[in-house]
Amino acid sequence: MPNDRDLPPTLDASVPQTARIWNFLLGGKDNFAVDRAVGEQILASRPELAESARLSRAYLIRAVRFLAAEAGVRQFLDIGTGLPTANNTHQVAQSVAPESRVVYVDNDPLVLSHARALLESHPDGVTDYVDADMHDMELVLRKAGETLDLTQPVAVLFMGVLGHVEDDAVAQGMVRRALAAVPSGSYLAVYDGADITPANVEAARIWNESAAQPYFLRSPARLAQFFDGLELVEPGVVPVTSWRPEEDTPDIDQFCGVGRKP
């Protein structure tokens, strides 16, 4: 686990952070006592959340593999990437197509320091990291464009992060601006928490009492609106465990989808 005394000056270990709480839920070690305290509170009310975190991550892996193998995408923009773990976006994409170019975006200093230290690209491809807030999509796109060719198809990923934006219009605006910058044949992949069970609503309440970045659940219908104007890939907007599953698991209250820009 990180040593609080050796932190860079921009890193605040006294306030729980989303990426580190999620890292704790996934069983990682890149988190601090304040992050573990929030995570333990959430697990006390909803112990299955750790498994939910794993299953959501498994969806990301399947989605990226589909985008690289079946859709033929060779460029990925992963916005709000979180702390590195096993089978990161570039590893999955480059295992299919070594020449894939991947840009990660985050503004958590711990995420960025770990990403730069640990995430090594395949020599035939490129992996880069952008320090930016997804609210400033113009900055995200400008920096991403230094590595990606935005005149060629790009898979834009918002995995578990749009819930940090309470206003639907603002969140949809981010997605629209990202997709407006990429050509026909590009893709959007999203997953986020849904408000379909009391347990998930309670977990979000506990999270929002302590975490620096609140998280707002949406209904599946509201999540589906992120794909307005896109061609949804089958099976559409569904629980993450129902999107082209590789194992038999029950549905959970994280919903996802992949759409193609016509």
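Leaving aside its neighbours within four places in sequence, which residues is Phe227 in contact with? Let's hold that for a minute and get our bearings first.

Okay, so what you see here is a predicted model. The chain has 262 residues, and 55% of them are buried. Its secondary structure comes to nine helices and eight strands. Now, take the contacts between residues at least 6 apart in sequence: 72% of those join residues at least 24 apart.

Back to Phe227, then. You'll find Phe227 in the loop between α9, residues 220-224, and β6, residues 231-232. Setting aside those neighbours within four places, Phe227 is in contact with Leu188, Val190, Leu232, Val237, Gly257, Val258 and Gly259. Is Phe227 buried or exposed? Its relative accessible area is 5%, which is under the 20% cut-off, so Phe227 counts as buried. And look at Ala189: Phe227 is 38 residues away from Ala189 along the chain, yet their C-alpha atoms are separated by 9.1 Å.

Next up, a pair of helices. Find α6, residues 137-144, and α7, residues 168-180; they pack at an angle of about 30 degrees, with axes 10 Å apart. Anything under 35 degrees counts as roughly parallel, so that's what we call α6 and α7. The crossing of α6 past α7 is right-handed. Who actually meets whom? On the α6 side we've got Met137, Glu138 and Leu141, and they meet Met174, Arg177 and Ala178 in α7. Sort the residues of that contact and you get four nonpolar, two charged and no polar.

Let's stay with α6. Its buried residues are Met137, Leu139, Val140, Leu141 and Ala144.

One bit of background to finish: in soluble globular proteins, nonpolar side chains tend to be buried together. Okay, that's me done!

How values were computed
Residues numbered from 1 in each chain as written. Predicted model: local features only at pLDDT ≥ 70, side-chain atom pairs only at ≥ 80, totals over all residues. Heavy atoms only, no water. Axes fitted to C-alpha atoms, helices over the stretch in contact; angles between N-to-C directions. Helix = DSSP H or I, 4+ residues; strand = E, 2+ residues; numbered from the N terminus. Parallel < 35°, antiparallel > 145°, perpendicular 65-115°, else oblique. Left-handed = near helix turned anticlockwise from the far one by under 90°. Contact = heavy atoms within 4.5 Å. Nonpolar A, V, L, I, M, F, W, Y, C, P; charged D, E, K, R; others polar. Buried < 20%, exposed > 50% of the residue type's maximum accessible area, 1.4 Å probe, protein only.
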